[in-house]
Structures are given as structure tokens and as C-alpha cells.
Amino acid sequence: MKEVSSFLIVIVMLAICQSALAQGKITGLVKDSVGNPVKGATIKVKNKKIFTTSGEDGGFSIAASPGEALQVSSVGYEPVEVVAGNGAVMISLKGKATSLDDVVVIGYGTQRKKDLTGAVSTVNMADARKYTTNDMSQLLQGRAAGVAVNSDGQPGAVPSVRIRGFSTFGGFQPFYVVDGVPGAGIRDLSPNDIESMTVLKDASAAAIYGAAAANGVVIVTTRTGRKNTPMKLTYNGYYGVDKIWQKQKVTDRVQYQTLNNESRVNAGKTPFPANDPTNPGYVSNINTDWQKEGMKTGIRQNHNVSMSGGGPNSTYNFALDYYDQKGTFVGNGPDYKRYTARINTSAEKGILKVGEFFNYTHSHENTLTFRDDILLGGIPPMIGSLVVAIPTMPVRDSTLLNGFGGSNSEFNGANSLNAIGINSILVNWVDVDRTFGNAYAELKLINGGGHHLRFKTSVSYDKTVTRDYTWQPPFFLGKFFSKPDAELYDNSRVFTNASIENTLNYDKIFGKHSVEVLVGQSYRYGSFVERDAHAKGFTAPYYPVINSGATNSSKGWQTENALESYFGRVNYSYDDRYLLSASLRRDGSSRFAPSNQYGYFPAASVGWKLSNEKFWHVPVNIVSSLKLRGSYGKLGNQEIGDYQFQGTINPGVVYTFAGNFYTGALQTLVASPDIKWETKTISNAGFDATLLNGRLDFSAEYYYAKSTDVLVGITIPASTGFENLNPTINAATLRNSGLEFTVAWHQHKGEFTYDISANLSTVSNKVLRLGGSDAPIYGVGAKTAIGQEVGQHFGYVYDGLFKDQADINSHATQFGGLALKPGDVKYKDISGPNGKPDGVIDAYDRTYLGSGIPKFNYGLSISAGYKRFDLAISASGSAKFLINSRMYRDLHHSAGALNYSTDMMNRWTPTHTNTDIPRLNDDDANNMQDSNRPGWLQNGTYLRINTLSLGYTLRDNLIKGIASARVYATVQNLYSFQGYKGYNPDFTSGVFNPGFDFGSYPKPRTMLIGVQVSF
Amino acid sequence: MKRIIYLFAGLVFILSGCRKKLELSNPNLQTTADFWKTREQAYAGSTAIYNALTVDGTYMRSFPGLTDSRGDDFTGDSPWLDLVLTGEFIIPSTSAPVFWIWRDHYLIVNRANQVLEHVSKYPESVLSTQEKNRILGQAYFLRGLAYYNLATTFKIVPVITKVAETPEDYFAATATEDDLWNQIISDLKAAEANLPISYANVDGLDKGEIGRATQGAASGLLGKAYLYRKDYTNAGAQFQKFFTGGPLAGVYSLMQDYRDNFRDFKENNAESLFEVQFTEGQGSDINWCCDPTASWKQVQAISVTYGMEGAGFSDYLPTRWIYNEYKKEKTVDGKDDPRMLVTIASYEPADNSVLAYTRPWWNPDTAIYPRKYTNDGVGNGKTTEVAAQSGINYRVLRYADILLMYAEVLNEQNKTPEAYSYIQQVRDRARLPDLATVKPGMTQAQMRDQLAHERALEFAIEGQRINDLIRWGWFYDPAKLAELKSHDRDFNSWTPGKEYLPIPQGELDVNKNLKPNPANG
């Protein structure tokens, strides 16, 4: 840096000398696109050797005459050419969307993108922010190769983020670092406050975070003020409406009754009274369209006010943010509301710099109730209950306790949950208060002779308090869904995280050698306290507080954990051709026994800038730069519960002697004393190229990651005499590998400018060990076994429908000799106890039916500008995987009493045999088996248009008092190209059945308008 | 520069004091490392072993049920197929109740191992030698009892005598049948040596804690183990301890009323050597299984399982053979054997038996049901069974068994005439005539049959019959097998080896060191 500034001084002096010879002087001001001054920009008089640089305030003065062209360029901006007039020249520089000169935030520092040797993806925040969401991890979707984001569509949804495949069975979310605070949750931050997001994907980039980094690291920085800038007041706001645009086609009353009766008759039973036209109880006047009744238009709005600026020695940024989302389901939620206040400041004097940020968030979320303990177990999430509810159940019924309708198994033959009713009766919310702050001090210990040494100490504290409240009044929605007595749950959780970090940074350039050294130390402490109160025995009128219940009870527990670390890193480059980075971190974790507490996580990477070699003769307008890089290293994962290595004493082991009650005590649960880190070893190789004079950027990489000692619950023999026979031990080995491509095209000349960037990544996954006896792990319709990928679909092989009795007779017996009829599903006899087909369809005939993990993930974004208009489009998707949809299967049941998909009108009947939908049978135990029968496993490939946003920037100072203003309109989730018949092909799921959609909430199409105004 | 490095080094040094903070202990529960320090903890540990006797797979329900159902005196009659198939000797190795029996007996083993390992290290200053011996003695007894039940039920199982230290220890290998029985005998010997005859006047926290294992329990079960192994010399020596001149002489006697052995208000009586304590009214969560809590009940579910149609689940029925067996011999008053109506609920107007659960008999007049271990006719006022709410203790070993086993030893030692008086003590209580008068001068073989008959009547539905049949070798004696088949149709589906319960399939799958037993075939 020092050399660069010396160089600049020389240039400035030269410019001054030159100016003595000039006839006139032109003055001007260089600003960026949002109006901030750009210092250090080079201003050159076209065709002359006259140049200067802009000062702190962006101002410059140059020897030139009106009419002469000035060429202005600056690192990170597109160069421009303007013709000098008579007055001061106002120059506006536009930032480069993607540029190798960009500075990238990495662990404990920054690096120029062109010097990176690890696998690092940056998110273009300006574009990403155009997607509105309550959770900023959603912004990663489709924007970084190798990062897969899955999410449901309700307000307050928690997205799941997976970086580079399935490498663990436990917690898989990446490790977030917010403004240098490691391990901070990002859920309560406002996307408006985010300046940058960087994803560290390989060992070289992430190993500096050691034991926490195996799932990848996402580094987030928040907005700060700029020095020497007058206070700028900015308002950002939008308002929009949400509409569910997907509809499941279900049968109406007449169709439902027809199908249900047919299913009864086929099983030799009589139709249910409600469906039987000859019965006095026949329902002919109710035809509820549950999706129409239960879905409403949602609203989302966000208002953000920020004030930022700075003096010569200080900066500040204050922001207030309000986010409110009212969901699309009728009743008490889902809604999510959040208030955020944020302050970032810094000040410096001499060698000392201090700074802090403080973030306070309050949120209130009405959750869509899905509680097995209040409802019956086994029911799907509320959206599923809504879709599969029978049309002959009324939404409202004034004769029932709560005024909502219900169903009755004897009468309707169904126990359908009235999801609108239950969502209107239960009061279920979570209040979250989070206080999150950090303060740091930095000393420039040495700043001379080319040596730079900085010491930084940083402390942070993060406390989240929740109140989890559920009031369940007495309700009756049919006999399966009733609770005669009111109950109240009023629980509280307190999460505390504190950390202190100390680092020393040193850098120096010796001739062609450039060295940067980092050493540091960190201590993190976390604790969790849960206090649950429960009351019952309420009498009307109800006062839903714990004290007004006749009996109340409480429970509580707490846990603590700590992580102590030392780390160091050396970055070295020679002649801007050879790059080397090596790092080592040592972590100690309280989650493991003292003998296993410490782990070492080394990593190294090298880079070679081929295009800077003397022998490189490829013209710059073809290949502007080319860098090869490779890395290798180890990362850790300690995402398990606390204290698992410790055996504990059960103090409630009761017995009776002489008629008296005694509580005995000893160890009843097996501990995992040898538990230790999961280790993930990643090799990464790739290249970065800039082609066609900087118009095209292209990066590609390959990674091979092996996770060993993966923590997994293995089955141990009951002869051990413990109560828990699934202790967590380090037993499994998983392998992931993949390719990642990122390409970007920039067109920045003329009035029409655009950037197109796209990324594509592949995932290949294999289980190498499962531990213990290597017994497979089963998920819902899925199996995880050695030599296979995690959670593949598993079941029987469809072999058509039985044509006639002869077909049945000649086929293997199915499932212990079920009585089959033509129109039932035929399964292939593929094996038996001796590994050969045995004429019996049973558990031996199940096999792998396809992958539940997308083989490809891709994202595309386009941003374009024409004059004052700007347009942004982003899309993302996944391909090559199969989805097992609970909702779809429920709608295709042939036994039981839910509503049907209209596809079922095409079921097999003796007169309609040209179909692949089996016959209806109220006693069916055959057709519903996990299998690959048509529709059971659906192609998950999709491409969703996430945002389409059009903006217009008003001329500066068009309105008095408003410095700049932009208005925009956005359509979010415009459309999804998908074959999947459920709602979201990117649902969240469990690790052992990644392809099973239990009932994810649809993503609404959002139409919103917004403004950005600066004063 | 140097100063700064020193400064930083100093800072790092200070901060490395954080290391201590990595040693965080669970604030919710005591850890094993902090336990086994106080006298109270030693007692608490021993109490916790007994808890494992009160779960589904031990004496709460499935162990008595699946043992009784394999006798020729009992048969399954349940929609729960496992209960029926067990009686028919075709139970698959994947059966859940079979697994529970396995699992829950090993709970006893593990807990006893913990107590033996830790309490033996207690210093005299914390726990007196007498107290320590009693606690260790109980652990030996309970482990011996668990292995006795496992050996008689599964024939060959792993013998685990230490707390697992490493994950490799979880996968215990099957022991030979000899090693298994040697362990049972050695445990019971150690128990006998350490246990008091009574807790009434011991010096310790266990004073008066009736229900803890006694020397009599250990001596008796040890004798029974020797008898099972046909070691008549040692068996005889054990049983002699209960008679004149022995250390246990006069401690035990038969209750006058046979029914007192199955009443919830005559528990831990003079005839009882060891019983599992069940109590109504305590706790809120039923003690079926899993990690115990202080809110556990202490109830058994045998009563409701055995209870007749209309009062209980009636999952099992007594066979007609055992009913008829009781009718074979009248009492000295010319009446039916009084043990029949304690064992079997039957409508017998001639015997003035027209009630069930204090209500007028409501089932078909010809139907018979189990009564032993139900609340029917107990005299506790119950009019029905309530699911898992019975407090009737399970009698594991009775003095009547000591008498009949000693008679068997004498017969096997060719002292057949001496056997008469011991058998007669049991017959006298049932008011049956003097055996020496009605069947004088029996040969050894005749006496064996007589003892089989006597034992069948005295111990019907007490989890004894199948073990007697196995040890007498009746399954492999064609004449006897034919007899069994005539007693109980269930025996028609028996095939060699199936007299035992199979080793649970899940255990075989997960533990490569485990061997299948003959019932797995």
C-alpha cells in the first residue's frame, strides 16, 4: 500500500510539473453511482501525458482546456470518458459488477480477488438484496456456486443452507461470521444492513475457523459510514402483496363421494352415511374448496431508515428497520414481524482505532401450529391438512364448540382436520429479543519502513431470549381433534454467546516478495437455558396466564460450551506470479472429553498467475488474466449436543421396600466418552480467467471432500444394559465431490449496460462407512447404506397394474398373500432371502429407486441498465433428483378418507383399464407401498424465477431536498418451471430422506413496489 | 518490536488460562465421575438395580407371561400374536416381547455390575464392611437371578461382569452354557456369603427394608440352580440349610392359606424367599420401560393380562389338562384341591364358587380363566382389573419350592422313601391325604412322576413349568412329549430347540459376537 501511495505521489508531482506548461485549468468532482466521493481516481487528458488523481473529497484540478476529453479511471470502477466544458466537470463512476480487482472479505482480513488461492464465492449484494425475505441466508440462493439453499414459503421460515453436498449427519448449516464475530446467528439481522457476504468453501479459505468450518463459512459484513462524508439520510421501503399461485387440483363433493363410495364398495363395505345418497345423512349441500377458503392474500412491507457519515477521524451508521409479513393462511398466522436497530461507529486517533456495532432485534412470529402433542401424531403440516381435507366437511359449524366444522369417522368415514379451525383456535407465537454487540480496538504498532503491524482485540456478546407461548383453549373439531380442557404452555429459552479474539497482523513487501502474517487467539463461550411452564385446569372466562390454571408445572435445564482457539496464517506472493497461503488452527472444545478436546486444522494453498509469466504471449484482448490454484486442508465439525462424553447419573430409579418408596440412582444411559471432532479433508483445484479484455470472467473448480469420524447414532446391543441404544459416536465416513463453474459477462459501454452471471455446481455423494455393524439407516421411503449416496429413495419396483385374475395368479404373492384384484399394483419380484426371486413380494424385494439429492444446482442473474432504468432478473434451480411427496401420495390414497387429486378420476375400473392409477380399495395395503409407481417419485428438476425487478432512478436533485431517488417494482417468485406436482421442489427435509417433502409451505408470488431515497 | 512481542506473548499467556474453562460439567445431572462417593449413593445404586425387576421384560409383564405360556398348563388366547406364538413354540426371533425380556434382564446385569465395581472400592470410613457386604451381596444375587432367568429362557447368552469401558465392550460374545451356569453359581455363592437372613435388625440405612434380597433367597436360588444342572449333592446341601440344624432352619414356613402367596396384603410373608415389590398408587408414568424417572409407577400388568374376559385382557387361558389334574385327587374332606380355585377361575357351584371379581360369574359356565396373580378372589375388594394398576408382588421363590426340590434331590439320590415327608408338608396345606398311605413304596421313576404332578399343581402359572419340562428332558422323551401334546395342543408345533425363546434378531444383527441359540433355527 505504501508503495502504491508513493507511486501516486510521484504521479501527482509529475502532474504538477506538467500543469505548469498548460494553458488552462479544469476542475471537477469524481463520485460513485450513489454520490459518494471517489478518491484516488486517475484523471487523464486524452492523447496527452497529463494526469492527476482526485483528492479525499473526490475533487481534482487538471491542466486542460474546455473541449478536451478527460479519461477517468479508478480501481473497481468502469473507466469513463467525458468532455470538459466551461464549468466544473461532474464525473460519476460506475462500480464494476465483477472484477478481479475487487477486495474480498476473507477470514480475519481481506484479499484482492485476483490473489485468492482458495475457493471463495462472493455474493453480489446489490442484486441479492432485491429478493425480499425475513432471513438473509435466503439471499445465497442461486448466487454462489456450490451453495444450495432450501426453504419453505411461510413468513418466518428458516432456510437450510448446504455448502458442497451432504458431508455430515448432524447440523449442516454453515458457520456465520458477522463483522468478525464468529458463530453469530444471522436470522435476526436485516438484509438492508448487510454490506457483503462471502462464502468460504474449501479448506484453505475456511481452515482459519478450524473446528467450526466443516460445513463452510459465510462471512457477513454490515454497512458502515464513510470518513469525511456529511450525514446522509437514506430511506428504503417497499410494500407488496403475496399470493399463493399454485393450486392442488382436488376433487369436489360429487367426485369425492363417487370415489369414496367406490373404494368402500370395492372393499365389500357399505358407503358412509355422509356419502350415500340413499342415507338420510347424505351430505349434498356442503362443497368446501379448502384451498380457496384457507388461503388469503398476504402482505409484506419493509421500512429502513439509515443515517451515515463520518468526520476526518470517525464514521457512523445508524439504521432502524421494520419488517412485517402477514402470511397467506387464514387464522392466527403464520405472521412475522421484526424491529431492528443497528449502530456501527468507529473512531481513530494516532495509532489507535476503536469501533463497535450494536444490534437489537425484537421479533414476533405467529407460527402455523404443528404440534404432535396437541394434535394427533402423524398428521402432516397444516398446509397438508388443508389440501387433503374432505369437501363434505364445513369450514364453520355453529353447533360445535368453537363454531368450526369437523368430521366424524363413523359418519364421514374421515377424520379430516379443519386446518382453518385449528389455526384460528390455537394461539401460538414466539417472541424473540436479541441483543448483539461487538467492540474492538486496533493499534497500529508499527507503520514505517514498509513494516505494518496491527494488533486488534475484539469482544462480543450476543444474547437471545425467546418466549414460546401456546394457548390451547378447549376445542372440538371432530373426535380425533379435540381437547376438552384448556392448556397453556409458556416457555422461555435464553441463548448466550460471548467471545474474545486477539489478532496480530503483519505485512511487508520486500522487492518482489510480499508477505502477510496473521496470528490470533480466540475464546468463545455459549450457554443455553430452557424454562418451561405448563398449566391446566382453566375455567371460563379464561385468563391465559400460568397462575390462572388450577395445576401448573415447570421444568428447566441448562447447558454450556466453550471453544478455545489459536490460529495463524501466512500469505506469500512472489512477483505477482506465485501465491502461497498456509494456515493452522488449534481448537479446544468443551464438548469432548479432556483427552479429545484439542484438534489441529491445517491447510495450504498455492496459486500461479500464468498470465503474468514472461512466456505468456496470449493477447490481453483474448485472455486478460489466468490463474491456477489448488488447496488441501482439514476442517472440523463439533455440532453435537453438550456433555455427550460424560456419563450421568439418573436420580429417579425408583423401587419399593417395606411399602415405602425409594429413589435409587446410577448410570442408566450410555455415554460416548471417546467422542471427538468430525474431520473433513478437502482437496480443491481450480482456475480463474478473465477473457476478452475483461468482458468475460470464468472460474471453474473441482473439489473432493472426505468427512471422517462423522458423528452418527449407531445401534448397540441391548446386552449393554443401557436405556439408550443409539449413542452418538464418530463412526461414519462420507465422500462428496463436485465441479463448480461461474461465468460472468460484462457489457459496460454505451447507454445500455448489462451483466450476466451464471453458476452451476454438481454434487456426488457416497457413504463409505456407517460405523458399528454398518447397519443401514432408514428414512421415510429412503435408505442410507454403505457404498450408496445418503438417503436414496428405497422401495418396491412397479411392474404395472394387474390386468386380470390370471395375471394375479401367475405373479408372485404380495405382502403375505394379500387378496389382490385386477387394477392393483404389481411389484417386481427381484430377490428373496437367498438373493434370488422367490415368488414372494416382501421386504427383500425393495431396492434403490433413485436419488433424493439434486445432482446439479444452478443460478442465473442478469442486471441491466439503460439510461436511468435498471432491470434485474435472478433465477435458480436444481436438477436430476426425485421427490417423494407426502401430499401428493395422500391425495392418491386408495384406502382411508382424505380428499383425492382430480387425477384419481382416471383410476382403474373394470371398464377403464387403460390407466396407471390403481383401483380404489378401502382395505388397500398393497398400492400405497413405497415404490416407483407413476407419480410416487417425481422429477424434481426446476428453475424458479426468483426476482424480476425494474427500477428508475430520478435525476439528482430533481425534487428539492432529495439528493437521489430510485423507485422500483419487483415480482418475486414469478414462476417456477417444474414437473413436481407439490408446491416447492426446494423444500426443507431431514438428512436421511432428502427427497421426502413432508408438506412444505408454498412460496407465494410477491408483487411489490419500493423506493430508495437519500437526503 | 520486541516489547510488542513480549506484550502479546504475555497476553496469550494470560488468556490461555481459559483452558480451564473448557472443562464444563453437566449442570443438570451428577456425572458418573462425581458419583459413588457417599454412603447414600451406595444404597441408591443398589436400590436402582431392583428397579429393573419392575419393567415389561422382567416381572412387570412379559417374562412371567412368555414363560407361563410355554407350559402345558397355559396357552395364549390373545389378538397379540406374539403371546400365542410363544406358547406354540414358533415365535419369530423378531418378536418384541422376546426382545424386551432380553433387554430388561441385561438392565439388571449392567446395574449390578456398576454397583459391584464401584461399591467394592468404598473405604471403611464411608461405608462399614457389613453394609458394603450387604450391598454387594444384593448385587450378586440380582445378577445371579438375571443370568438364571436368561439361562433358563435363552440357554446361551453373553456373560458380562464388568461395566463397558470402550465401544468394543458393547459387543459381548456368547458364553458357553457351562460358563454361564458357573457365573450364576458363583454370583449366588457370593450373595449367600454376604447377605443377612433378615434386614429387621441390621445396622445401616437398610434397616427394616423388607424386600431386599436375603441369605435365604440366595441359598434357595443357588440350590435351584444346582438342581437345574443336576448337581444333586450341592443342591441337597443348599436345601438342607433350611431344615433342622441349618443356618436358615425355622426362618421360613408354609402359609396356612395357599392364597396368601398371591395376595397384595400378605406380601413378604413367611413362605416367601424373594419377591418383586409392586405397589399401587405411587407415581404417574407407567413403568413399562425406558429411562426411569421419579414419577414412575411401581405396578405390574400381569393381573390385567391374565384377568378374565370382562375384567382383564384374558390374553392367556389355563389348559383343560391342568384343570383336570386338580380334580384327580380329593382332599381329606372329600373336596376339590383348594389350590385349583386359587389358580383357576372357574364356575363351580359345587365348591360354592359362583363369583368373579366379587361379581356374579358372567362368562360361560364352562369357561376357565387364570386367577393366580389377578385381583380376582384376592379379597382386596377389586371388581375388575385396570390396565397396569396391580400392586400384587411377584413371588420369585417360595418355601414350598424348597420342600419339593429337596424331595426331588432325595429321590434322585436314591433316597426315595425320605422324599415323602417333604412332599407331604406341601400336600398337607392342600389338605391332601398322606402320600405314604395312598402311594406307598414308589419307585424312583414313579416318584419322579409324582413330583411332576405335585409341582404342576403347586406352581401352576408361576413361571416354573416350562423350566421343569426342559430340565427333566421331557421334550426329548417321545413318551413324555406325546403326553405333553395331549395336555396342550401348543406342543404339536414344537420342534427341537424351540423350547427356548430365540435370541432376538436385532441383537444378532448388531452384534457379530453373538451366537444364535437352538430356538433361532
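The side chains of Glu723(A) and Arg111(B) meet in a salt bridge, with 2.9 Å from N to O; the term asks for a side-chain nitrogen of Lys or Arg within 4 Å of a carboxyl oxygen of Asp or Glu. The count of such bridges between chain A and chain B is one. The model is predicted, so local features need pLDDT of at least 70 and side-chain atom pairs count only at pLDDT 80 or more, while totals for chains, interfaces and linings use all residues. Residues are numbered from 1 along each chain as its sequence is written, chains are lettered from A in the order in which they are written, and side-chain values use heavy atoms, with hydrogens and water left out.

How much area do chain A and chain B bury between them? The value is about 5800 Å², 66% of it on carbon and sulfur atoms; buried area is the accessible area (1.4 Å probe) that two parts lose on being put together, summed over both. Chain A brings 62 residues to the contact and chain B brings 66, where contact means heavy atoms within 4.5 Å. On the side of chain A that touches chain B, 33 residues are nonpolar, 24 polar and five charged. Here Ala, Val, Leu, Ile, Met, Phe, Trp, Tyr, Cys and Pro count as nonpolar, Asp, Glu, Lys and Arg as charged, and the others, Gly among them, as polar.

Elsewhere in chain A, Asn973(A) is buried, with a relative accessible area of 3% (buried means under 20%, with a 1.4 Å probe and protein chains only). Residues touched by Asn973(A) include Tyr131(A), Trp245(A) and Pro1004(A).

Conventions
Buried < 20%, exposed > 50% of the residue type's maximum accessible area, 1.4 Å probe, protein only. Lists of a residue's contacts leave out its neighbours within four places in sequence.
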